[in-house]
Amino acid sequence: DTDRALVLLEEYCKKLRKPEEQQLKKAIRKVMGIFKSSLFQALLGSFTKEATRHGTASHPSLPVALACDVLGCPKD
(Lines give C-alpha, C1' and ligand atoms only; values in the text may rest on other atoms or scores of the structure.)
Protein backbone atom coordinates (compact mmCIF):
# COMPACT_ATOMS: atom_id res chain seq x y z
CA ASP A 1 0.00 0.00 0.00
CA THR A 2 2.96 2.33 0.51
CA ASP A 3 3.83 1.77 -3.13
CA ARG A 4 0.28 2.68 -4.14
CA ALA A 5 0.46 5.86 -2.07
CA LEU A 6 3.77 6.77 -3.68
CA VAL A 7 2.31 6.26 -7.15
CA LEU A 8 -0.67 8.48 -6.31
CA LEU A 9 1.57 11.20 -4.91
CA GLU A 10 3.95 11.01 -7.88
CA GLU A 11 1.05 11.36 -10.33
CA TYR A 12 -0.24 14.35 -8.41
CA CYS A 13 3.22 15.99 -8.36
CA LYS A 14 3.43 15.72 -12.14
CA LYS A 15 0.32 17.93 -12.36
CA LEU A 16 1.86 20.68 -10.23
CA ARG A 17 3.53 22.98 -12.75
CA LYS A 18 2.53 26.50 -11.79
CA PRO A 19 5.04 28.56 -9.80
CA GLU A 20 2.59 28.93 -6.91
CA GLU A 21 2.28 25.12 -6.69
CA GLN A 22 5.99 24.47 -6.23
CA GLN A 23 5.88 24.76 -2.45
CA LEU A 24 3.16 22.10 -2.33
CA LYS A 25 5.17 19.94 -4.72
CA LYS A 26 8.21 20.25 -2.45
CA ALA A 27 6.14 19.26 0.60
CA ILE A 28 4.69 16.23 -1.21
CA ARG A 29 8.19 15.16 -2.25
CA LYS A 30 9.20 15.33 1.45
CA VAL A 31 6.28 13.06 2.35
CA MET A 32 7.33 10.68 -0.40
CA GLY A 33 10.83 10.60 1.05
CA ILE A 34 9.41 9.76 4.45
CA PHE A 35 7.31 6.94 2.99
CA LYS A 36 10.48 5.52 1.41
CA SER A 37 12.55 5.77 4.60
CA SER A 38 13.54 2.67 6.54
CA LEU A 39 12.24 4.24 9.76
CA PHE A 40 8.77 4.73 8.29
CA GLN A 41 8.77 1.21 6.88
CA ALA A 42 9.73 -0.19 10.31
CA LEU A 43 7.00 1.82 12.03
CA LEU A 44 4.49 0.74 9.43
CA GLY A 45 5.47 -2.89 9.95
CA SER A 46 4.96 -2.48 13.70
CA PHE A 47 1.59 -0.76 13.11
CA THR A 48 0.49 -3.58 10.81
CA LYS A 49 1.49 -6.26 13.35
CA GLU A 50 -0.47 -4.50 16.09
CA ALA A 51 -3.50 -4.03 13.85
CA THR A 52 -3.44 -7.71 12.95
CA ARG A 53 -3.11 -8.67 16.62
CA HIS A 54 -6.13 -6.54 17.51
CA GLY A 55 -8.19 -7.66 14.52
CA THR A 56 -8.22 -4.26 12.84
CA ALA A 57 -6.09 -5.16 9.82
CA SER A 58 -9.01 -4.55 7.44
CA HIS A 59 -8.74 -0.77 7.90
CA PRO A 60 -7.10 1.20 5.06
CA SER A 61 -3.35 1.46 5.28
CA LEU A 62 -1.85 4.57 6.76
CA PRO A 63 0.11 5.66 3.64
CA VAL A 64 -2.79 5.22 1.25
CA ALA A 65 -5.23 6.87 3.65
CA LEU A 66 -2.87 9.85 3.99
CA ALA A 67 -2.31 10.12 0.23
CA CYS A 68 -6.05 9.92 -0.43
CA ASP A 69 -6.77 12.56 2.19
CA VAL A 70 -4.26 14.89 0.51
CA LEU A 71 -5.41 14.11 -3.03
CA GLY A 72 -9.12 13.65 -2.39
CA CYS A 73 -9.22 10.11 -3.76
CA PRO A 74 -12.57 8.36 -3.97
CA LYS A 75 -13.09 5.76 -1.26
CA ASP A 76 -13.09 2.12 -2.47
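Contact here means heavy atoms within 4.5 Å. I start there because contacts, in that sense of heavy atoms within 4.5 Å, come up throughout.

What you see above is a predicted model, in which local features need pLDDT of at least 70, side-chain atom pairs count only at pLDDT 80 or more, and totals for chains, interfaces and linings use all residues. Residues are numbered from 1 along each chain as its sequence is written, and side-chain values use heavy atoms, with hydrogens and water left out.

First, the overall layout. The chain has 4 helices and 0 strands; helices (H or I, at least four residues) and strands (E, at least two) are DSSP runs, numbered from the N terminus. Along the sequence the pattern reads α-α-α-α. Of the 76 residues in the chain, 25% are buried. Buried means under 20% relative accessible area, exposed means over 50%, and partly exposed is in between, with a 1.4 Å probe and protein chains only. Among contacts with a separation of 6 or more, 54% are between residues 24 or more positions apart.

Next, the core. Which residues form the largest nonpolar core? There are 10: Ala5, Leu6, Leu9, Cys13, Leu16, Ile28, Met32, Phe35, Phe40 and Leu44. Two or more residues each come from α1 (2-15), α2 (22-36) and α3 (38-53). The largest share, 4 residues, belongs to α1. A nonpolar core is a set of buried Ala, Val, Leu, Ile, Met, Phe, Trp, Tyr and Cys residues joined through side-chain atoms within 4.5 Å. In soluble globular proteins, nonpolar side chains tend to be buried together. Take Ile28 as one member of the core: leaving out residues up to four places away in sequence, Ile28 touches Leu9, Tyr12, Cys13 and Leu16.

Now the packing of two helices. How do α1 and α2 pack? Their angle is about 165 degrees, and their axes are 10 Å apart. Axes are lines fitted to C-alpha atoms, for helices over the stretch in contact, and angles run from 0 to 180 degrees between N-to-C directions. That angle makes α1 roughly antiparallel to α2; the cut-offs are under 35 degrees for roughly parallel, over 145 for roughly antiparallel, 65 to 115 for roughly perpendicular, and oblique for the rest. On the α1 side, the contact includes Thr2, Glu10 and Tyr12, and on the α2 side it includes Leu24, Lys25 and Arg29. By type, the residues of this contact divide into 10 nonpolar, 1 polar and 4 charged. Ala, Val, Leu, Ile, Met, Phe, Trp, Tyr, Cys and Pro count as nonpolar, Asp, Glu, Lys and Arg as charged, and the others, Gly among them, as polar.

Last, a few single residues. Lys25 is in helix α2. Lys25 counts as partly exposed because its relative accessibility is 21%. Not counting residues up to four places away in sequence, Lys25 touches Cys13 and Leu16. Between Lys25 and Tyr12, 13 residues apart along the chain, the C-alpha separation is 8.6 Å.

Lys15 and Lys25 are 9.3 Å apart, C-alpha to C-alpha, and 10 residues apart in sequence.

Gln22 is also in a helix, α2. With a relative accessible area of 33%, Gln22 is partly exposed. Gln22 touches Leu16 and Arg17, again without residues up to four places away in sequence.
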